[in-house]
Amino acid sequence: MNFNTRHSILGSTLAFIIATSCCWLPFLIIGLGGATSLMAFSEGLEKFSGLFMTAGIAFLGLGIYQYYNKSVADNKEAILVSTLTCPECRHKKEETMPTNACQYFYECENCKTILKPINNDCCVYCSYGTVACPPIQLNENCC
Ligand SMILES: [Zn+2]
C-alpha cells in the first residue's frame, strides 16, 4: 500500500464522515448531551445516595433506639412493688415481688392468714396485689 492509496482512503473516509455528518452530528450532540445529563444524573444520584445513606443511618439508629427501648421495657419497666391487701382483715402491706419466681403463699403479718392465689392466678400478687406480677406485666407466661 503506497502513500497515495492511504491518502485516498483517508480522504474518502474523511469525505464520508463529512458527507454523513448531517446524520451522525445530531446523534453526537444527543450523545454528548446524554452523557452530560447522565453525569449530572449520577452526580444527583450520588447526592441522593448520600441522602439515602443518611436516611438509612437514621432508620438504623431508630431501629437500635426502638430495640433498646424494647429491651429496657422488657427488662426494667415491670413494676416490682405491689401492695397486698389481705382479704380477711383488709391489712395492706407493700411488698417487693420476685422477678424470677412467683409467690404462691403469703402470710398476712396482721392476722397470720396464709393467702393463696384465687381465680387460677399464678401468685398472690395477681390475686391480692395492686400490681400483677412481673411476668404478667410483661405479657410472658407465668412460672
Ligand atoms: Zn390479714
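T83 has E94 in strand 2 as its bridge partner. The model is a predicted one, in which local features need pLDDT of at least 70 and side-chain atom pairs count only at pLDDT 80 or more, while totals for chains, interfaces and linings use all residues. Residues are numbered from 1 along each chain as its sequence is written.

Strand 1 (residues 81-85) and strand 2 (residues 92-96) run antiparallel and are joined by five bridges; two strands count as paired if DSSP finds at least two bridges between them. Together the two strands form a hairpin with six residues between them. In a regular strand the side chains alternate between the two faces of the sheet. A residue is buried if 20 or more other C-beta atoms lie within 10 Å of its own, exposed if 12 or fewer do, and partly exposed in between, with C-beta atoms placed from the backbone.

## Overall arrangement

The protein chain contains four helices and four strands, and from the N terminus its elements follow the order α-α-β-β-β-β-α-α. Helices (H or I, at least four residues) and strands (E, at least two) are DSSP runs, numbered from the N terminus.

Of the 143 residues in the protein chain, 11% count as buried. Among contacts with a separation of 6 or more, 33% are between residues 24 or more positions apart. Two residues are in contact if their C-beta atoms, placed from the backbone, lie within 7 Å.

In soluble globular proteins, nonpolar side chains tend to be buried together. The largest nonpolar core here has 10 residues: L84, M97, Y106, C123, V124, Y125, C126, Y128, A132 and C133. Helix 3 (residues 124-128) supplies the largest share of this core, with four residues. A nonpolar core is a set of buried Ala, Val, Leu, Ile, Met, Phe, Trp, Tyr and Cys residues joined through C-beta atoms within 7 Å.

Y125 lies in helix 3 and counts as buried because it has 27 C-beta neighbours inside 10 Å. Leaving aside neighbours within four places in sequence, Y125 is in contact with S82, L84, M97, Q103, V131, A132 and C133. Y125 and T85 are 40 residues apart in sequence, and their C-alpha atoms are 9.2 Å apart in space. A132, residues up to four places away in sequence not being counted, touches Y125, C126 and Q137.

## Helix 4

P135 is part of helix 4 (residues 134-137). This residue is buried because 20 other C-beta atoms lie within 10 Å. P135 and A101 are 34 residues apart along the chain, and a distance of 9.1 Å separates their C-alpha atoms.

Most residues other than glycine have a negative phi. Where does R90 lie? R90 is found in the loop between strand 1 and strand 2, and its phi is near 65°, a positive value in a residue other than glycine. R90 counts as exposed because it has 10 C-beta neighbours inside 10 Å.

N119 is not a glycine either, yet has a positive phi of about 55°. This residue lies in the loop between strand 4 (114-115) and helix 3. N119 counts as exposed because it has 6 C-beta neighbours inside 10 Å.
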